[in-house]
Amino acid sequence: MPEPSAEFVTLYTDCQSRLYAFLLSLMGDADQARDVLQEANLVIWRQSGDFEPGTNFMAWVFRIARFQAMAYRTKQRRDRLVFSESAMEQIQQAFIAHDRGHERRQQYLQRCLKLIAPNARELVRRRYQLEQPLQRIADETQRTYQAVGQALRRARLALAECIKRQEASDG
């Protein structure tokens, strides 16, 4: 099996939380979702050469994960709560529709981050991208904990309003 491309590895690692959320919505049980995620990841990795760059990676992994969930369900038929294939299809479609909204909101967030004040953008980056605690940010910027918290609240409100405006303008 040829080594997966760097693009594939990036897409693969970036999709893990969304893939788990998708499987959790299908399975309804965190332990089962983790079990199926492991199986799906093995199949995704083995079939990495089948993925065509430029196509929808998430749709491809969701399809593989759905088949793995169905296989898992087949093994678990003796359990009381087993979704039918049509129910799993409906859940998948609902999740994909919701996931598209997530991607759109992420795009809005990226645009809005460019529009807020540089110091607010840096505060958001430090808190959420770098996951720094408020006290550390306060210490390093020589501000009080309360001042940093208030500035972060204002930045979040500005971002939320910007995202709402973009959603409204997109209809």
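Colleague: Is Ser 48 buried or exposed?

Modeller: This is a predicted model, in which local features need pLDDT of at least 70, side-chain atom pairs count only at pLDDT 80 or more, and totals for chains, interfaces and linings use all residues. Residues are numbered from 1 along each chain as its sequence is written, and side-chain values use heavy atoms, with hydrogens and water left out. Buried means under 20% relative accessible area, exposed over 50%, and partly exposed in between (1.4 Å probe, protein chains only). Ser 48 has a relative accessible area of 8%, so the residue is buried.

Colleague: Where is Ser 48 found, and with which residues is Ser 48 in contact, leaving aside its neighbours within four places in sequence?

Modeller: Helices (H or I, at least four residues) and strands (E, at least two) are DSSP runs, numbered from the N terminus. Ser 48 belongs to the loop between α3 (30-46) and α4. Contact means heavy atoms within 4.5 Å. With neighbours within four places in sequence set aside, the contacts of Ser 48 are Pro 4, Phe 8 and Trp 60.

Colleague: How are the rings of Phe 57 and Trp 60 arranged?

Modeller: The structure holds twelve aromatic pairs. In the pair of Phe 57 and Trp 60, the ring centres are 5.8 Å apart and the planes stand at 45°. Rings of Phe, Tyr and Trp (its six-membered ring) pair if their centres lie within 6.5 Å; planes under 30 degrees apart count as stacked, over 60 as edge-to-face and the rest as tilted. The arrangement of Phe 57 and Trp 60 is therefore tilted.

Colleague: Which residues do ring pairs link into a cluster?

Modeller: Phe 57 and Trp 60 both lie in helix α4 (residues 57-75), three residues apart, about one turn of the helix. Phe 57 is buried at 5% relative accessibility, and Trp 60 is buried at 9%. The cluster linked by ring pairs consists of Phe 8, Tyr 12, Trp 45, Phe 51, Phe 57 and Trp 60.

Colleague: Which residue forms a salt bridge with Glu 103?

Modeller: A salt bridge is a side-chain nitrogen of Lys or Arg within 4 Å of a carboxyl oxygen of Asp or Glu, and by this rule the count comes to six. In the salt bridge of Glu 103, the closest N and O atoms are 2.6 Å apart. The pair links distant parts of the chain, 85 residues apart, with Glu 103 in helix α5 (residues 85-115) and its partner in helix α2 (residues 16-27). That partner is Arg 18.
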